Amino acid sequence: MYGLPRITVEVPVTAIGPGPAAYEELGGYVIGLRRQQGLHLTLLHIGILADLAQEINEWTRGFTSAEAATRRTVAWLKGLPILDGFSGSATRLIVLGGGNVCGLEVDAPQRVRDFQVVLVQALHGLLEDLLVDNVDDFILSSRALGFRYPRWVPHVAVGRPKSRTGYWEIQPLTIEFGESRIRNAQYLPVVDAG
């Protein structure tokens, strides 16, 4: 393993378009089209748990230890509700991540957008419980959480763009998603209930 895994709340892609060829056509827009198996839509990025816990410890000037932040965050993650699978669609590819990522912009049902808002609100609650003051400032400055944009853009990253700016209209694609899960949950530390 090359480093600690990033933790996210995501929904896996189970199908794109009528068949594999529809997805493979996107290779004309990106460098290194990702394999369809493993594609996902991130609902909430937590990042490397140890880094987040250390940031919380530093932000609270030691009032919340990294160990306590880790323990409470793991329990919080395991207690999150699960979003049922859903269908979405995409009609364009967009550039994200400062030009490093090309993604299918997903038109997701309102219940998915509402669920993502609930996750962010729950994150606020967790951070307040961990004695983080100015939670919004913390979230925006946290390198672990990686919030770069004030507005969530549902997307499925598919590769690196050939051009670092703009977007491309594509033939409409239906995308099927499974139920939400914690990516890399198997790497979360085992913590006691107390």
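This is a selection-by-selection tour of a predicted model.

**Stop 1: the salt bridges**

How many salt bridges does a search of the whole structure find? The count is 3.

Select Glu10 and Arg181 first. They form a salt bridge, and their closest N and O atoms are 2.9 Å apart. Glu10 sits in strand β1 (residues 7–16) and Arg181 in strand β8 (residues 181–183), so this pair ties together parts 171 residues apart in sequence.

Is Glu10 buried or exposed? Its relative accessibility is 0%, so Glu10 counts as buried. Arg181 is partly exposed, because its relative accessible area is 38%.

Arg183 counts as partly exposed, at 29% relative accessibility.

Now move to Glu105 and Arg92. Their side chains meet in a salt bridge of 2.6 Å, N to O. Glu105 is in strand β5 (residues 101–107) and Arg92 in strand β4 (residues 86–96), so the bridge ties together parts 13 residues apart in sequence. Glu105 is partly exposed, with a relative accessible area of 23%. Arg92 is partly exposed too, at 24%.

Which residues do shared partners join into one network? Select Glu10, Arg181 and Arg183 together: salt bridges that share partners join them.

**Stop 2: helix α2 and its cover**

Select residues 49–59, which make up helix α2. Colour Leu49, Leu52, Ala53, Glu55, Ile56 and Asn57: these are buried. What covers them? The cover includes β3 (40–47), α3, α4 and α5.

Step just past the end of α2 to Arg61. This residue takes a positive phi of about 55 degrees.

**Stop 3: Thr70**

Go to helix α3 (residues 66–78) and pick Thr70. Why does Thr70 count as buried? Its relative accessibility is 17%, and buried means under 20%.

Show what surrounds Thr70. Setting aside neighbours within four places in sequence, Thr70 is in contact with Leu49, Ala53 and Pro189. Leu49 and Ala53 are among the buried residues of α2 coloured at the previous stop.

**Stop 4: the loop between α4 and α5**

Select Leu131, which is in the loop between α4 and α5. Its phi is near 70 degrees, a positive value in a residue other than glycine. Leu131 is exposed, because its relative accessible area is 52% and the cut-off is over 50%.

Next, pick Asn134. This residue also lies in the loop between α4 and α5. Asn134 is not a glycine, yet it has a positive phi of about 50 degrees. At 49% relative accessibility, Asn134 counts as partly exposed.

**Stop 5: the negative patch**

Stay in this region and switch to a surface view. Which residues form the negative surface patch? Select Glu128, Asp129, Asp133, Asp136 and Asp137. The elements that give two or more residues to this patch are α4 (110–129) and α5 (135–141).

Finish on Asp136, found in helix α5. Asp136 counts as partly exposed, at 48% relative accessibility.

Note on methods. Residues are numbered from 1 along each chain as its sequence is written. This is a predicted model: local features need pLDDT of at least 70, side-chain atom pairs count only at pLDDT 80 or more; totals for chains, interfaces and linings use all residues. Side-chain values use heavy atoms; hydrogens and water are left out. Patches are made of residues with over 30% relative accessible area and no salt bridge: like charges are joined within 9 Å, nonpolar side chains (Val, Leu, Ile, Met, Phe, Trp, Tyr) within 5 Å. Accessible areas come from the Shrake-Rupley method with a 1.4 Å probe; for residues, only the protein chains shown count as cover. A salt bridge is a side-chain nitrogen of Lys or Arg within 4 Å of a carboxyl oxygen of Asp or Glu. Lys and Arg count as positive and Asp and Glu as negative; His and the chain ends are not counted. The place of a charge is taken as NZ of Lys, CZ of Arg, CG of Asp or CD of Glu. Helices (H or I, at least four residues) and strands (E, at least two) are DSSP runs, numbered from the N terminus. Buried means under 20% relative accessible area, exposed over 50%, partly exposed in between (1.4 Å probe, protein chains only). Contact means heavy atoms within 4.5 Å.
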